[in-house]
Amino acid sequence: MSTPQPVTSAAAPGAEPRTRELVLTLDCPEQPGIVHAVSGVLLEHGANIVELTQYDDRRVGHFFMRVHMAPTEGAALDQQSLREDLTPVAERFGMRWELHEHGAKRRVLVMVSKFGHCLNDLLFRARTGELPVEIVAVVSNHLDHQRLVEWHGIPFFHVPVTKDTKPEAEARLLDLVDRFEVDLVVLARYMQVLSDSLATRMEGRVINIHHSFLPSFKGAKPYHQAYDRGVKTVGATAHYVNAELDEGPIITQQVVEVNHAYGPEDLVAAGRDTECKALSDAVRWHCEGRVILHGAKTVVLR
């Protein structure tokens with residue numbers, strides 16, 4: 001029998017082919033033998049563990065694990081075969097699990113309104129390869145960023161939203177999600193509230209960003225309200241969207257200190273930086289399979 005050759009991913013012309021590496025993410029009720037059972041299957045498939053991160057939440061009796069693996073020399077990691085052998089282990093321990101190729105780009109749809117700093121940041125990070133994503137479409141209820149998006153060679157869709165047209169707008173969004181085979185929707189300062197039904201249908205697949213003042217300063221010009229109150233920190237929270245407005249499971253937060261010398265415009269600038277950083281981190285960790293939803297919160301295995 002011939003020695004199996006390593007499976008490789010597509011590479012640029014003239015570049016060395018990249019050996020396929022996989023990432024396994026799982027969670028299940030806490031019990032003995034989980035790591036032993038999983039690592040045994042990986043060993044049988046010639047997998048070398050590059051990175052293993054685990055967390056045992058003893059307060060609730062729940063276990064979380066992420067494994068980044070590469071093939072040992074002369075072996076190949078066949079995703080389908082590995083999936084078949086992991087399935088009975090997952091059933092035995094009652095696991096939720098996901099297996100995907102390391103470095104594979106997730107298909108992302110970005111939604112934006114008038115503020116373009118988060119959109120511009122995501123476009124740049126995606127274009128330079130800093131984020132493992134392919135932005136396949138941008139949807140906006142305004143036309144402000146059409147030229148920017150199209151300069152990047154990405155389809156732009158103008159979907160106006162009013163109280164009366166909201167159901168039709170969300171139906172259009174879901175059509176685009178299906179048409180572009182979207183893995184993740186990112187609300188990059190999209191200033192419209194998604195309906196409960198849409199949030200429920202897309203649970204775990206929509207990430208939003210908001211400033212850290214919520215719920216202290218709501219409505220128009222929150223940074224000006226914060227200035228009037230003499231805040232000492234500004235920041236941002238990136239979270240999954242659910243039926244509770246701006247209260248979905250938190251993925252990451254960014255905070256910076258400010259002082260009395262910061263005017264309203266300075267607070268806005270500082271806030272924009274934290275929003276970009278928090279949102280890009282959340283997108284990266286989600287796409288790398290580091291975020292596990294568990295009830296009202298997340299576990300981020302970094």
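**Figure 1. Glu 181, an exposed residue with a relative accessible area of 56%, in the loop between α5 and β10.** The view is taken from a predicted model, and Glu 181 counts as exposed because its relative accessible area of 56% is over 50%. Most residues other than glycine have a negative phi.

**Figure 2. Arg 189, a buried residue in the loop between β10 and α6.** Although Arg 189 is not a glycine, its phi is positive, at about 65°. The relative accessible area of Arg 189 is 12%, and Arg 189 is therefore classed as buried, the limit being under 20%.

**Figure 3. Helix α5 (residues 166-179) and its buried side.** At 1.5 Å a residue, the 14 residues of α5 should span 20 Å, and this agrees with the model, in which the end C-alpha atoms of the helix are 20 Å apart. The buried residues of α5 are Ala 169, Glu 170, Leu 173, Leu 174, Leu 176 and Val 177. Because these residues cover an arc of only 160° around the axis, they fall on the same side of α5. The buried residues pack against the strands β7 (106-112), β8 (133-140), β9 (156-158) and β10 (184-187), and also against helix α6 (196-201). On the face of α5 turned away from this buried side are the exposed residues Pro 167, Glu 168 and Asp 178.

Figure 4. Ala 137 has a relative accessibility of 0% and so counts as buried. As a guide to distance, Ala 137 and Ala 243 are 106 residues apart in sequence, and their C-alpha atoms are 24 Å apart in space.

**Figure 5. Helix α7 (residues 222-229) and what covers its buried residues.** In this helix the buried residues are Pro 222, Tyr 223 and Ala 226. They lie on the same side of α7, because the arc that they cover around the axis is only 95°. Their cover includes the strands β11 (206-211) and β12 (233-240), together with helix α8 (264-287). After α7 comes Gly 230, which has a positive phi near 65°.

**Figure 6. Asp 246, listed by UniProt under "active site" in an unreviewed entry.** In the predicted model, Asp 246 lies in the loop between β12 and β13 (250-257). Asp 246 has a relative accessibility of 26% and therefore counts as partly exposed. The annotation itself comes from the UniProt record, and such annotations may be inferred rather than shown by experiment.

**Figure 7. Cysteines in a structure that holds zero disulfides.** A disulfide is a covalent bond between the sulfur atoms of two cysteines. For Cys 287, the closest cysteine sulfur is that of Cys 118, and because the two sulfurs are 15 Å apart, they are too far from each other for a bond. Cys 287 is buried, as its relative accessible area is 2%. Cys 28 also counts as buried, with a relative accessibility of 1%.

**Figure 8. Domain 1 (22-101) and domain 2 (106-300) of the protein chain, as given by the domain assignment.** The C-alpha centres of the two domains lie 31 Å apart. Their contact takes 15 residues from domain 1 and 10 residues from domain 2. In a separate record, an unreviewed UniProt entry, the feature "domain: ACT" is placed at residues 23-97. Residues 23-97 are 35% helix and 40% strand, and the end C-alpha atoms of this span lie 10 Å apart.

Note on methods: Residues are numbered from 1 along each chain as its sequence is written. This is a predicted model: local features need pLDDT of at least 70, side-chain atom pairs count only at pLDDT 80 or more; totals for chains, interfaces and linings use all residues. Side-chain values use heavy atoms; hydrogens and water are left out. Buried means under 20% relative accessible area, exposed over 50%, partly exposed in between (1.4 Å probe, protein chains only). Helices (H or I, at least four residues) and strands (E, at least two) are DSSP runs, numbered from the N terminus. The arc is that of the directions from the helix axis to the C-beta atoms. Contact means heavy atoms within 4.5 Å. A disulfide is a pair of cysteine sulfur atoms within 2.5 Å. The expected span of a helix is 1.5 Å times one less than its number of residues. Domain bounds come from an automatic or database domain assignment.
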